[in-house]
Amino acid sequence: MHIPDGYLSPATCATLYTGVVPFWWGALRRVRRGLHTQMVPLLSVFAAFSFIIMMFNLPLPGGTTGHAVGVGIAAIVLGPWASILAISVALMIQAIFFGDGGITAIGANCFNMGVIGSLVAYTTYELISRDAPVESPRRVWAAGLAGYLAINFSALAAAIELGIQPQLYRDATGAALYAPYPLSIAIPAMMAGHLTVAGIAETVVSAGVVAYLQKSQPSLLRGAAGGATTKPLWLVLMILAILTPFGVLAMGSAWGEWSAGDFLHPETRRQIAAASGGNELPAQVPAGLQRLARLWTAPLRYSSQVPAAIVGMVLIIGACWCIVLLARRIRVRRNMSFVERTLTSLMRASEYAASAEHVTESRGLFQKIDPRVKVAGLLLLIVAVAAARELRVIGGIFLFALAMALLSGISLRKLAAWVWMPVLLFTGLIAAPAILVTGPRSAAFLVGRAETAATLVGLLVLTTPWAWVLKSLRSLRCPAVFVAILGMTYRYIFEIMRTALDMLEARRSRTVGTLTPLESRRLAASTVGVLLNKSFQLSGDVHLAMQSRGFRGEIHVLSEFRARTVDWCWLGLFVALAGGALWWGS
Amino acid sequence: MVGIVSQAFVFEVRNVTYRYESVAALDGISLSIERGKRIALLGANGSGKSTLLRLLNALHFPESGGIAFNGQPLARDAFDQDAFAFAFRSRVGLVFQSPEVQLFNPTVFDEVAFAPLHLGWPRTRIEAAVAEILGKMEIAHLRDRPPHRLSGGEKKRVALASVLVMNPEVLLLDEPTAGLDPRSESQIIDMLMSWGGDGRTVITTTHDLGLVEDIADYCFVLQAGKVAAEGLPGEVLRDVALLERANLIHAHRHRHASGVIHSHPHTHPHRHD
């Protein structure tokens, strides 16, 4: 059920990534609620459990293999949300480090096994065992059924995703570009194994662990993981890890997880045909499949499974800690009402601006240069970065910008927080599909260019008061109206921000307790309405104030710079750098 | 600088009506403002003082009635001609009540240079004038600061400087001390007192009766868009019935040691005869 790279088209992969991200986000938000309890170790235990249980390959009819996922028991103990995270962590580590499941298909696999599996298992278990006491046998049956249904719904989803590929993506000759078997073959072939052996394995695992927990750690089944210890669970895991070599109960790969080589080898072709109701694979490896399959080579193999299981567990614990850190960062927002959140971000924005203005006024290398020289020189460098076709050239300019920033008193922390992270988040979103379509090299160019250009702009803005940037634009023949609008926008953002702050603080001082979502929305709408109204009024009054002092429709800006020899030297340096970069880079 | 004009009145307002949407702000108001005098326009909130200042500054034009500046009518058409508009703008300056409205430039220097620059002064004269007024207002050290990072008192001084730099013949001030702390307030008043004279006219709106005798030689009391009374500050401030009618004072109620509750109008007549 681990769909590899190349079996799903980039569009399908992107869709399923999009489908799973809201669940990850929701899960992170919910998981932090449990952070004070044992959620961290529990999350690690169940991610590791799922990782190891998936290494127990069981023979299936038709010569392929199948495995349990562990999603049933994860959903029962952790609840559906943390379970989504646990299973996703296991799947990501398998895909990235062990090549089990594709990088492009992480979204799909997490959606099938993590999201669908967790939700089905949790719903089933809750429906059946709702009022049952913790030690009731009904809980064991409920767990078994939950596991069985969860793995089968996951398998069905995977089969559908694979089966629609040949209908949707074909080349000119009609040959499938990605997964070759249509729904009519994929669904029976996939379900045959999961309805029988794998389904039974998941049933046994879920029911067995619930029965075990009823005796050893009943508190884990009460939902409140408060007093429970995870020590015995870790012990069980270690034993399972050592048993993994015996977990390879069957050779041969799972249905839908063949490598490109399996398409060409006569023996594997025969096995695959047998598992697919006698339908032969196409004679050629599908073109799209071959291209995408080469995308990622995992650094580790399952070949010796005990170390693999141990390495996997270590990686999982690390990943779970990262999730906890992430969830802690989200916490700040979660507990706050709309008012608090908006207040915080407004405060942060004005702190940011004050801090940026402070840097521009401090002494440093770049602060001393004539702003016109800076604007022109850095623009030239940005052009050079945009035109460069060598990563080394982009890297060189980046290092130059970095050195200049450090010499100008801009700390790495500020650069990271204000420039690099936001740009990375933004271009990363664009670059992710680019990796799929055109390969990692073009994505590296995209991110490299964006980060370097942003660092150069950051260098300018952080070492030059905004008013001077505007005036330099003016003296470089930028239209005065444009410059004036930029200036006033910056000026009045602070005014409107202060109005918003005042309004929200006034609101907070009269509010006790939290607002309902409806009240929050109403408050947000009315605040925006009032702000808009005030802004209109302000703009009308400012226009009058301008008129009163002689404004007749045409704006003038007074430039008051005098370039010194040093500034000309800097301009020469910028031109030389940009020229060199253009020459080397193209 | 100041043109010597024979008329005794800088502004003559005749039967002026002006409304915002459908609400009348000025309702057939008439008044004449004598040259070289310091005038106070007194009135409660909504009495039409600010609107009158904007009309005197030719930012709005009356719906009916007329306003004459130095005997010349202020009409919309007249402002289509650059020569007349620039001449008027450089002779009449208005300081808005809110510095946020007044200060729209990226730095203090740009703010103060805005009017001369847009009135077409040569560059060297602008720089000299800006430097001089910044020094006079004691804000030279704020020259390159952005206005949004100034304190309330500093903002007010920059706003004043941005108008005074033109050395206008008539200065219109809308609530110049509103929202200032006592020290900033007294500084602003000192500056205004030293600025008058030389045939220059200062028109100040306020509802702070304590200020009136310091800043005005003559005052008008506005009520519901009309002149309710006018006269010397001393006379107007003594007319308690009038002030109460115009919502400029309120009854002050307090209990004496004898237990008798006593009520009288709350005024601050700073007379030292």
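Author: Chain A has 21 helices and two strands, whereas chain B has ten helices and twelve strands. This is a predicted model, in which local features need pLDDT of at least 70 and side-chain atom pairs count only at pLDDT 80 or more, while totals for chains, interfaces and linings use all residues. Residues are numbered from 1 along each chain as its sequence is written, chains are lettered from A and ligands numbered from 1 in the order in which they are written, and side-chain values use heavy atoms, with hydrogens and water left out.

Reader: What makes a stretch of chain A a helix, such as the one that holds A:Gln165?

Author: Helices are DSSP runs of H or I with at least four residues, strands are runs of E with at least two, and both are numbered from the N terminus. A:Gln165 belongs to α7 of chain A, which covers residues 165-168.

Reader: Why is A:Gln165 called buried?

Author: A residue is buried when its relative accessible area is under 20%, exposed when it is over 50%, and partly exposed in between, using a 1.4 Å probe and protein chains only. A:Gln165 has a relative accessibility of 0%, so it counts as buried. Leaving aside residues up to four places away in sequence, A:Gln165 touches A:Tyr7, A:Leu8, A:Ser9, A:Thr12, A:Tyr178 and A:Ala179, where a contact means heavy atoms within 4.5 Å. By the burial rule, 50% of the 586 residues of chain A are buried, and in chain B it is 53% of 273 residues.

Reader: Which strands of chain B form the open sheet, and how do they pair?

Author: Two strands pair if DSSP finds at least two bridges between them. The open sheet has four strands of chain B in the order β2-β1-β4-β5, with antiparallel pairing. Among the facing residues, B:Arg19 has B:Ala24 of β2(B) as its bridge partner, while B:Val13 stands opposite B:Ile67 and B:Glu12 opposite B:Ala68, both partners being in β4(B). In the hairpin of β1(B) and β2(B), two residues lie between the strands, and B:Glu21 takes a positive phi near 55°.

Reader: What is the volume of the largest cavity, and what makes a space a cavity?

Author: On a 1 Å grid over the protein atoms alone, a cavity is a set of points where a 1.4 Å probe fits but cannot get out, and its lining residues have an atom within 4 Å of a point. Grid points are joined across faces, edges and corners, and a volume is the space filled by probe spheres set on the points. Four cavities of 30 Å³ or more are counted in this way, and the largest has a volume of about 190 Å³. Its lining has 19 residues, of which A:Ala484, A:His556, A:Val557, B:Asn105 and B:Pro106 lie nearest the centre.

Reader: Which element gives the most to that lining?

Author: Helix α4(B) gives the most, with five residues. By class, the lining has 13 nonpolar, four polar and two charged residues, where Ala, Val, Leu, Ile, Met, Phe, Trp, Tyr, Cys and Pro count as nonpolar, Asp, Glu, Lys and Arg as charged, and the others, Gly among them, as polar.

Notes: 1 Å grid on protein atoms, 1.4 Å probe; cavity = no way out; pocket = protein on both sides within 12 Å on 5 of 7 lines; lining within 4 Å.
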